[in-house]
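The following exercises concern one protein chain. Each task is followed by a solution in steps.

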Amino acid sequence: VNQEFYRRFPNIPEHEKILTDFYATWLKPTPAPGHMFITEQHICFSVTMMLSVLCIPMEEIISMNMSMKSILVIYTKDSKFSFTGIANFSNRFEFLQRAFKSSKQNLTIISNKFPTNKIEAFR
């Protein structure tokens, strides 16, 4: 997985660790299933069966939230990205909160439902 990841996302330095990865669907005009990777400084998404990729530096993220319908929404200054179909959604959202707090102390995190008092490994 690691070598393929760095080939698919050549702008991510190889010393930046992949913290977790999981399947998700990017809710753009046409829903695009694929694989989300969380690194120390980026959220990356690779669309299945296509060469399309998305890479969001954590420093550009203004906030994130989760809807009651288990949709992860990430806001940057200029864009909004929505993802669904994430297994173990609440646990992964908690993990994302911790990863963001570690990478960016002043990130605004919005969660209406889940506390952040534990972390769970996903591998």
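**Exercise 1.** Locate S103 and state which residues it contacts.

*Solution.* S103 lies in helix 2; helices (H or I, at least four residues) and strands (E, at least two) are DSSP runs, numbered from the N terminus. The model is predicted: local features need pLDDT of at least 70, side-chain atom pairs count only at pLDDT 80 or more, and totals for chains, interfaces and linings use all residues. Residues are numbered from 1 along each chain as its sequence is written, and side-chain values use heavy atoms, with hydrogens and water left out. Neighbours within four places in sequence aside, S103 is in contact (heavy atoms within 4.5 Å) with E40, Q41 and M58. Furthermore, 61 residues separate S103 from H42 along the chain, yet their C-alpha atoms are 9.2 Å apart.

**Exercise 2.** Describe how strand 5 and strand 6 are joined.

*Solution.* The two strands run antiparallel and are joined by 5 bridges; pairing requires at least two DSSP bridges. For instance, S63 has Y75 in strand 6 as its bridge partner. The strands form a hairpin with 5 residues between them, and S70 in the turn has a positive phi of about 60 degrees.
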